[in-house]
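Let's take a friendly walk through this protein together. Have the sequence and the 3D view ready, and follow along as each part comes up.

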Amino acid sequence: MRAERLAEGAQGLGVLAGGVALAWAVHFSFALLFAAAALGCVVAVPHSRGSGLPALLAYLNGVKIRGFTSSRVLVAKFVGTACAVGSGLFCGPEGPIIHI
């Protein structure tokens, strides 16, 4: 009786390990998907690269940067930052929030 219970427990651990591996694979896949979406935002709208703080300081000092304050930049910066944070990448909070 005890040997049967041990065998059932060992089979249960195999199922549990398979579930953990599947959960890890799904999590990793979503992280890659969000990172790719963030990269797509940066490639589509070049002004959304980086923190935007130096360009914002230049803009406030009177330098006219074409396309810097467009709605495309706002959407790309917002979606790109959200996707980067959602994928587990590190984004400093200062730059993107100041630019948004």
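Predicted model: local features only at pLDDT ≥ 70, side-chain atom pairs only at ≥ 80, totals over all residues.

Helices here are DSSP runs of H or I with at least four residues, numbered from the N terminus.

Let's step back for the overall plan. The protein has four helices and zero strands, and reading along the sequence gives the pattern α-α-α-α. Of the 100 residues in the protein, 19% are buried. The accessible surface comes to about 7,300 Å², and carbon and sulfur atoms account for 72% of that surface. As for how the chain meets itself, take the contacts with a separation of 6 or more: 60% of them join residues 24 or more positions apart.

Is Thr69 buried or exposed? Its relative accessible area is 54%, and the cut-off for exposed is over 50%, so Thr69 counts as exposed. Tyr59 lies 10 residues from Thr69 along the chain, and the C-alpha atoms of the two are separated by 9.5 Å. With a relative accessible area of 29%, Tyr59 is partly exposed.

Phe68 gives another picture: its relative accessible area is 4%, which means that Phe68 is buried. Helix α2 also holds Leu56, and this residue is buried too, at a relative accessible area of 18%. Why does Leu56 count as buried at that value? Buried means under 20%, so 18% falls within the class. Along the chain Leu56 and Phe68 are 12 residues apart, and 8.4 Å separates their C-alpha atoms.

The aromatic rings deserve a look of their own. A pair of aromatic rings is described by the distance of the centres and the angle of the planes. How many aromatic pairs does the count come to? There are two aromatic pairs. One of them joins Trp24 and Phe28, whose rings are stacked, at 5.2 Å centre to centre with 5 degrees between the planes. Both residues lie in helix α1, four residues apart, which is about one turn of the helix. Trp24 is exposed, at 55% relative accessibility, while Phe28 is partly exposed, at 41%. Tyr59 and Phe68 also pair, with ring centres 5.8 Å apart and planes at 40 degrees. Why is this pair called tilted? Planes under 30 degrees apart count as stacked and those over 60 as edge-to-face, so an angle of 40 degrees makes the pair tilted.

Finally, let's look for open space. Rolling a probe the size of a water molecule over the atoms shows where empty space is left. The largest pocket holds about 170 Å³ of space. Its lining is made up of 15 residues, and those nearest the centre are Val42, Ser48, Gly50, Gly80 and Thr81. Two elements, α1 (2-44) and α3 (71-87), each give two or more residues to this lining. Which element provides the largest share of the lining? That is α3, with five residues. Sorted by class, the lining has eight nonpolar, five polar and two charged residues.

Methods: Residues numbered from 1 in each chain as written. Heavy atoms only, no water. 1 Å grid on protein atoms, 1.4 Å probe; cavity = no way out; pocket = protein on both sides within 12 Å on 5 of 7 lines; lining within 4 Å. Points joined across faces, edges and corners; volume = space filled by probe spheres on them. Nonpolar A, V, L, I, M, F, W, Y, C, P; charged D, E, K, R; others polar. Buried < 20%, exposed > 50% of the residue type's maximum accessible area, 1.4 Å probe, protein only. Contact = heavy atoms within 4.5 Å. Areas by Shrake-Rupley, 256 points an atom, 1.4 Å probe, with all protein chains shown as cover. Phe/Tyr/Trp six-rings, centres within 6.5 Å; stacked < 30°, edge-to-face > 60°.
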